[in-house]
Amino acid sequence: MNLRCGVLAIVVTFTLLDKQVFARDNLDIDSSRQQVASSFTNAYRVTNFQIKSRWGGRLSVPLRNGDLWTPEKQSEVFAAIRAAFDSEQSQSYLLNQAGEAGVLYVDVLEAKDEASHTVALTFRVLRVRLSFARIGDNVLPVPRSAAATLYEAVPAPLLALNPVIGLTYDRAFGAALTGGFHDDLLTLPDTFKGRLPQHDNPDHLDARFTGSKSLENFYRANAGLAYSYRRIGQLLQDLSFQADYDGATEPLARQNHRNQTIGANGGATFHFAAHTRLTFNAGYRHAKDLLKGTTNRFQTDTEVQPNRVLIESLLPQPIGGFLRAAVWEDNGWTDKGIGFHQRLVGRIGYARELPVSPNQTIGVELLGGGGRLWGEAPTSRRYFGGNSSSQFLYDGVSEAGLLNPPTGPLIRSFGQGEAVGSGVGAKRGGNAFWHLNMNLTLPIRRLSWPLIPDEDEVRRRLKNGINVSGRSFLISALKQQGMSREEAIKEADRTLDEIRPATEFVIDEANLYSLKPLLMFDAGGLAGAGSNPTWLAAGGGIQLTLVTAKFELGYMRTVQGPTAGDRGNFFFRLVFQNLF
């Protein structure tokens with residue numbers, strides 16, 4: 001017979017079984033002792049047990065095979081698990097390094113053998129994590145696990161670098177290996193001494209790198225060093241200054257484009273309203289571009305002053321979902337007599353998982369945008385259509401894919417930079433563009449599994465844990481940042497109001513894994529590029545989200561508009577992230 005019992009590990013719900021437990025108005029001490037003795041007499045003997053978690057191999061609990069599974073033993077074991085997985089150090093690490101908070105729950109399966117009066121135990125340590133920094137991750141179908149991590153057991157290099165690795169394919173760029181890391185250098189001394197980083201002040205010095213290398217001798221690389229001052233929950237949430245490098249050799253209108261860019265920028269993120277973040281960036285960049293065709297070679301140097309405004313929000317019900325919009329503007333001065341030019345690009349995206357039954361959702365993603373160029377600009381800074389290596393709704397605010405403006409309409413039936421017009425001047429690119437895109441994913445019940453066990457009691461306790469124990473932790477953390485108790489209480493309540501819709505999604509709707517059919521549609525156009533082309537494209541594929549990996553495979557075919565040889569394009573993306 002299998003039985004389940006559970007406990008919120010932050011707020012222990014099991015009471016120690018001693019004399020006082022049974023002290024009632026009409027019970028004497030002898031009666032209490034008899035009941036305690038009865039609990040030992042009726043207790044099952046443990047034959048084996050396991051603890052399911054992430055990186056929990058070093059965990060030691062006060063339980064051995066042959067022990068009696070009594071209420072006292074339950075309390076001891078749950079207390080040990082709580083101390084290991086939800087220590088003050090772990091909570092501080094999550095908030096200060098990942099910008100996240102969470103609540104822990106221990107789910108216990110008891111497999112009893114009545115004949116031998118023994119029991120086999122399985123402890124599943126669950127943690128619901130919610131982000132205050134990457135708010136889109138709370139409701140987007142990103143890789144996630146409900147298994148709690150014992151951070152002290154994560155290998156130091158993995159904990160320090162927090163790597164992301166993957167594979168991609170695009171018919172122009174080719175098959176490519178991708179990877180990157182993001183590390184706070186101020187925490188390295190603690191990490192490599194085998195201690196969980198306890199960097200509680202708001203100063204961070206982040207080193208990051210992302211890159212991809214294809215089999216076609218193309219590559220992309222971005223590296224940067226950024227100082228940031230972060231205060232979760234305050235009006236000025238993040239103030240940053242960074243220096244970065246971009247390098248690439250990639251296809252552009254059947255030519256090779258080589259770019260080397262160095263620059264610096266400053267940014268600020270404001271927490272203006274519930275569920276909403278507003279980010280400003282401004283900076284300076286020096287770009288060296290080389291465009292090589294079969295018969296031509298043209299190199300330019302451009303001084304660029306870029307600016308960006310980005311807003312993102314979790315929309316309240318009944319609309320719901322995640323909205324992100326951005327406007328990029330830059331001013332460039334190019335040598336070789338080309339002179340001054342100005343670019344303005346806007347893009348807006350929306351995503352929502354629409355529930356149709358428990359843990360079954362229809363995924364909708366909508367994207368639209370456009371841009372305009374004024375003045376004379378080199379070919380490398382004009383607009384070309386095609387597939388893209390970045391993901392507007394999924395990339396982090398400070399990642400290169402969002403810091404740099406889109407380079408043209410997103411038309412996924414082409415490889416990167418392949419969509420151009422016909423006629424004279426087509427390969428030179430456009431001076432304006434627009435695009436509309438849609439993704440639709442459909443649920444298949446047999447090919448998905450809920451992130452949180454489909455049990456009302458487990459889900460109810462997790463929600464209560466966010467509202468009760470999560471609130472207490474936030475109040476304590478905000479007081480450590482210098483707030484008074486009254487200010488901390490007010491801010492904690494406001495913050496929890498913001499993430500409550502995300503809590504409902506993660507606990508009730510998110511899946512540990514899901515395989516969904518994917519339907520896609522693209523429309524877009526270029527102006528000032530030969531024949532001023534417009535395109536319509538449609539296609540389909542599959543989307544697989546599994547614990548720490550997300551895989552997308554698709555085929556898009558051009559329905560209307562000029563093509564660059566083939567009308568179709570296969571593409572895939574496999575990314576491993578959230579490895580601990």
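Reader: What should I know about the model before we start?
Author: It is predicted, so local features need pLDDT of at least 70 and side-chain atom pairs count only at pLDDT 80 or more, while totals for chains, interfaces and linings use all residues. Residues are numbered from 1 along each chain as its sequence is written, and side-chain values use heavy atoms, with hydrogens and water left out.

Reader: Why is glutamate 100 called buried rather than exposed?
Author: Buried means under 20% relative accessible area, exposed over 50%, and partly exposed in between, using a 1.4 Å probe and protein chains only. Glutamate 100 has 16% relative accessibility, so it counts as buried. Across the protein, 53% of the 580 residues fall in the buried class.

Reader: What makes Arg129 a contact of glutamate 100?
Author: Contact means heavy atoms within 4.5 Å. Beyond neighbours within four places in sequence, glutamate 100 has several such partners, including Arg129, Leu94 and Phe132.

Reader: How do you know whether the span of helix H2 is as it should be?
Author: The expected span is 1.5 Å times one less than the number of residues. H2 has 15 residues (71-85) and should span 21 Å; its end C-alpha atoms are 21 Å apart, so the values agree.

Terms used: Helices (H or I, at least four residues) and strands (E, at least two) are DSSP runs, numbered from the N terminus.
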